[in-house]
Amino acid sequence: MNRRAFLIGASALGLTMAGGFALSRRSTIDLSDIGERRRLAMPQLIDTIHTGKFELTAMAGETRFGGGGASTTVGYNQPFLGPVVRLKSGSLRATVTNRYDEPVTVHWHGLLVPGVADGGPHLPISTGETWRPELTVSQAPSTAWFHTHIHGRTAKQVYSGLAGGLIIGDGRDDERAIPSNYGVDDLYLILQDRQFAPDGQMIYGLGMMGQMHGFSGETMLVNGQFGSVAAVPKGIVRLRLLNGSNARILTLGLSDGRPMHLIASDGGYLPKPVPLEEFRLSPGERAEVLVDFGDGRSVALVSRTDPNSGPSGMMGRFQSVYTRLLGSVFEVLPFIVDHRMKARISSVPSDLDGDTPNLTRDVSKVRRLSLDMNVGGDMMGGPMGINGKPFDMDRVDLSVQFGSVELWHVSSPMLAHPFHVHGAMFQVLSENGGTPRPENGGWKDTVLINSDAELLVRFDQLAPPEKPFMFHCHNLEHEDAGMMGQFTVT
Ligand code: C2O
Ligand code: CU
Ligand code: CU
């Protein structure tokens, strides 16, 4: 297996050095060896539909990612990452035990539960302890996830493996004609970039650029695996895509240019599928797409380079022009059609039963939030913050009224930041003064702020002052550096 194929930007760099402009941006993806690659494995599925309960245990482990030596990792119920837990409406018994030698939390990102059950920085689980939150699920079917959230350690701990998947279902996907056979035509894909030393060890090191931009690795892992190929049936397949990277912003497309039909964003189904040639997925965001493999051909999920990185550096938002010219694209995950697998669905449905958020009428408060790269006075490497203030566990930044809708005007003076709100879903009203990107048309809990955006946020979950909700940049290095605030909902 050719390791260079998995080095992000290796092929693009080659083109740059040859002086050529890769106008045909997808020509650099080589799928000739995919028949010999390892098959991608799905995370273990814990289905709570009948049991009404699940258990997670954080534990240290060892993982061999490539040909080299073992890496020290950490996961939930396994050495690296965690299971996918399928939930349905109603109350659930969750048991979370920490067998790792540092405090961890389990934050349910995308689950609408009160502050006391949210698993944020105020709910650490010490080594040897068990947390039993009361989870009542009452929201639309969607793809969510869970991860640790200890303030100051989130980036390192998530990088080391403390993250897993959540699927909220209602058992009605057959009626919608949407694939739902887990691991066959319904794939949960955790996309993460990582860095490996020549001996195969996964490493986390932050230089000055890493502090400022957040961590970027040169190898893409999918569900913790490297260099795999996903086998799919000859028909419609649903991909639940989670950008679980610390900082890398993905711009996803398919190598032959075929459309991806966006059916759901963070908060669940859209009213209709939206065919897209490419879309942004920043850290923390999820998107569900349908892909038609009916022609039996292999294709790869690819990404453009991160708009925050590269020669334009801090001018992140102008980067897209540059990448369009150079066409830097790297492979994320190839797919091979396996004729023995049963395709259940052969066409993209024309209607879904999701709703278009429409919150404009009831705004009770307008707030302005500025995502600030440097609030410490030093040039670089100092604290980051929101509205000039770094995160403080003992300071509640905003008090929100239960049941209200607020208009949040969020701006990023430098770089693009994935902005996330706990315990709420929002509607993106505008981006940079214009209509939101097509992928941001549905309910969201995380969105990339590229300059500025207006969000209409609906607050339907309580959070008392002792267990407030967070709002933060989901670039985990930025979050740990202080680009986070807290709010109560009472
Ligand atoms: Cu995905 Cu505050 O987190
Ligand atoms: Cu969250
Ligand atoms: Cu940020």
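Trainee: Is His-478 buried or exposed?
Mentor: This is a predicted model, where local features need pLDDT of at least 70, side-chain atom pairs count only at pLDDT 80 or more, and totals for chains, interfaces and linings use all residues; side-chain values use heavy atoms, without hydrogens and water. Residues are numbered from 1 along each chain as its sequence is written, while chains are lettered from A and ligands numbered from 1 in the order in which they are written. Buried means under 20% relative accessible area, exposed over 50% and partly exposed in between (1.4 Å probe, protein chains only). His-478 has a relative accessible area of 0%, so His-478 is buried.

Trainee: Which residues coordinate the copper ion (ligand 3)?
Mentor: Look for donors: N, O and S atoms within 2.8 Å of the metal (3.2 Å for Na, K and Ca). Water is not among the atoms, so sites may look incomplete. Here the distances run from 1.9 to 2.1 Å. The residues are His-417 (ND1), Cys-473 (SG) and His-478 (ND1).

Trainee: What spacing do the donors of the copper ion (ligand 3) follow along the chain?
Mentor: Cys-473 is one of the coordinating residues. Cys-473 is buried, with a relative accessible area of 0%. Along the chain, the donors follow the spacing H-x55-C-x4-H.

Trainee: Which residues coordinate the copper ion (ligand 2)?
Mentor: Two NE2 atoms do this, at 1.9 Å. They belong to His-107 and His-420.

Trainee: How many residues apart are His-107 and His-420?
Mentor: Strands (E, at least two residues) and helices (H or I, at least four) are DSSP runs, numbered from the N terminus. His-107 is in strand E6 (residues 107-109) and His-420 is in strand E27 (residues 417-421). His-107 counts as buried at 1% relative accessibility, and His-420 is buried with a relative accessible area of 1%. The pair links distant parts of the chain, and the gap is 313 residues.

Trainee: At what angle do the ring planes of Phe-459 and Phe-487 lie?
Mentor: Rings of Phe, Tyr and Trp (its six-membered ring) pair if their centres lie within 6.5 Å; planes under 30 degrees apart count as stacked, over 60 as edge-to-face and the rest as tilted. The whole structure holds 19 aromatic pairs. Phe-459 and Phe-487 have ring centres 5.5 Å apart. Their pair is edge-to-face because the planes lie at 75 degrees.

Trainee: How far apart in sequence are the parts that Phe-459 and Phe-487 tie together?
Mentor: Phe-459 lies in the loop between strand E30 (452-458) and strand E31 (469-473). Phe-487 is in strand E32 (residues 484-489). Phe-459 counts as buried at 1% relative accessibility, and Phe-487 is buried at 0%. The tied parts are apart by 28 residues.

Trainee: Which residues do ring pairs link into a cluster with Phe-487?
Mentor: One pair is Phe-471 with Phe-487, tilted at 45 degrees, with 6.1 Å from centre to centre. Phe-471 is buried, with a relative accessible area of 2%. Ring pairs link Phe-487 into a cluster with Trp-408, Phe-419, Phe-459, Phe-469 and Phe-471.

Trainee: Which residue in E18 is the bridge partner of Ser-265?
Mentor: Two strands pair if DSSP finds at least two bridges between them. Strand E17 (residues 260-265) and strand E18 (residues 268-276) run antiparallel, joined by five bridges. They form a hairpin with two residues between them. The partner of Ser-265 is Gly-268.

Trainee: Which residue in E20 stands opposite Leu-262?
Mentor: E17 also runs antiparallel to strand E20 (residues 286-292), with three bridges. Six of the six residues of E17 are buried. Opposite Leu-262 stands Val-289.

Trainee: Which residue forms a salt bridge with Arg-176?
Mentor: A salt bridge is a side-chain nitrogen of Lys or Arg within 4 Å of a carboxyl oxygen of Asp or Glu. A search of the whole structure finds 33. For Arg-176, the closest N and O atoms are 2.8 Å apart. The partner is Asp-173.

Trainee: Which helix holds both Arg-176 and Asp-173?
Mentor: Arg-176 is buried at 8% relative accessible area, and Asp-173 is buried at 11%. They are three residues apart, about one turn of the helix. That helix is H3 (residues 173-176).
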